[in-house]
Amino acid sequence: MSKVRLGLRVLSPQLSACNGPLFTRRNSPRFKFCPQSPRLPSTAPSSAPAGFGVACHLGVLTGLPCIGVAKKLLQVDGLENNARHKEKIRLLQAGGDTFPLMGDSGAILGMALKSHDHSTKPLYVSVGHKVSLEAAVRLTRSCCRFRIPEPVRQADIRSRDYIRRTLGGPRPPAPGQERSRKLQKPEVCPKGGSEEHTG
């Protein structure tokens with residue numbers, strides 16, 4: 001992992017122009033690893049305001065197939081996270097279920113994908129470069145052990161760990177500790193009972 005200093009403020013519409021060169025550093029001759037399959041950058045679908053997001057930019061710069069995967073819907077071309085959209089999400093039953101993201105222009109900008117049987121929120125998948133939407137969805141689904149595709153999940157885990165180690169932030173809980181905290185249920189006072197815990 002290498003440290004990069006950013007000397008400019010990044011605005012959402014310019015994200016790919018600012019970050020594209022940083023992503024392509026890995027393809028320089030000094031690195032021995034060069035991916036052969038599409039990358040899964042955690043970016044918004046091709047519904048980016050200009051229709052050319054980070055995945056497109058990265059693919060064009062490297063010549064490699066790329067896929068756009070986002071955790072949140074980018075609201076553009078009439079796409080909105082409204083009641084109608086939430087109802088479509090509710091209808092996604094099993095891992096692998098999808099629905100198209102069609103903009104007001106009539107163009108299909110991507111697909112909402114229930115990536116895992118137990119996930120409650122979909123991923124938003126789009127083509128980036130040299131890959132069809134169907135192949136992008138299939139590959140994204142095959143990379144999901146949990147909700148987030150494993151390459152993106154591992155990058156997030158490792159980058160957070162690096163930041164904790166270098167900046168001295170809080171340590172992650174020991175294995176099993178985090179889960180046990182989540183499983184503990186708060187005590188509930190019976191109706192009419194005291195709100196204070198007498199312990």
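In the predicted model, Ile108 is partly exposed, with a relative accessible area of 47%. Ile108 belongs to strand 3, and, when residues up to four places away in sequence are set aside, it touches Pro100, Leu101, Met102 and Leu133. Ser126, which is 18 residues from Ile108 in sequence, is 9.3 Å from Ile108 in space, C-alpha to C-alpha.

Strands of a sheet pair through backbone hydrogen bonds, in either a parallel or an antiparallel arrangement.

The pairings within the sheet can be followed strand by strand. Strand 1 and strand 4 run antiparallel and are joined by five bridges, and Gly68 stands opposite Ser126 in strand 4. Strand 4 is also joined to strand 3, again in the antiparallel sense, by three bridges; here Ala112 is placed opposite Tyr124 of strand 4. Between strand 2 and strand 3 the antiparallel pairing extends over five bridges, and Leu101 faces Gly110 in strand 3. Of the seven residues of strand 4, five are buried, so this strand is largely enclosed by the rest of the structure.

In helix 2, which covers residues 54-62, the buried residues are Val54, Ala55, Cys56, His57, Leu58 and Gly59.

Nonpolar side chains in soluble globular proteins tend to be buried together. The largest nonpolar core of the model contains 12 residues, namely Ile67, Val69, Met111, Leu113, Leu123, Val125, Leu133, Ala136, Val137, Cys144, Ile148 and Val152. At least two residues of this core are supplied by each of strand 1 (66-70), strand 3 (108-113), strand 4 (123-129) and helix 4 (133-142), with the largest share, three residues, coming from helix 4. A second, separate core consists of 10 residues, including Ala70, Leu73, Phe99 and Ala112. Leu133, a member of the largest core, is also one of the residues touched by Ile108, whereas Ala112, which stands opposite Tyr124 in strand 4, is among the residues of the second core.

Cys144, listed in the largest core, counts as buried because its relative accessibility is 9%, which is under the 20% limit. With regard to covalent links between cysteines, the structure holds zero disulfides. Cys143 takes part in no disulfide, and the cysteine sulfur nearest to its own, that of Cys144, is 6.8 Å away; likewise, Cys144 is in no disulfide, the nearest cysteine sulfur being that of Cys143 at 6.8 Å. A disulfide requires a pair of cysteine sulfur atoms within 2.5 Å.

Conventions:
Residues are numbered from 1 along each chain as its sequence is written. This is a predicted model: local features need pLDDT of at least 70, side-chain atom pairs count only at pLDDT 80 or more; totals for chains, interfaces and linings use all residues. Side-chain values use heavy atoms; hydrogens and water are left out. Buried means under 20% relative accessible area, exposed over 50%, partly exposed in between (1.4 Å probe, protein chains only). A nonpolar core is a set of buried Ala, Val, Leu, Ile, Met, Phe, Trp, Tyr and Cys residues joined through side-chain atoms within 4.5 Å. Helices (H or I, at least four residues) and strands (E, at least two) are DSSP runs, numbered from the N terminus. Two strands pair if DSSP finds at least two bridges between them. Contact means heavy atoms within 4.5 Å.
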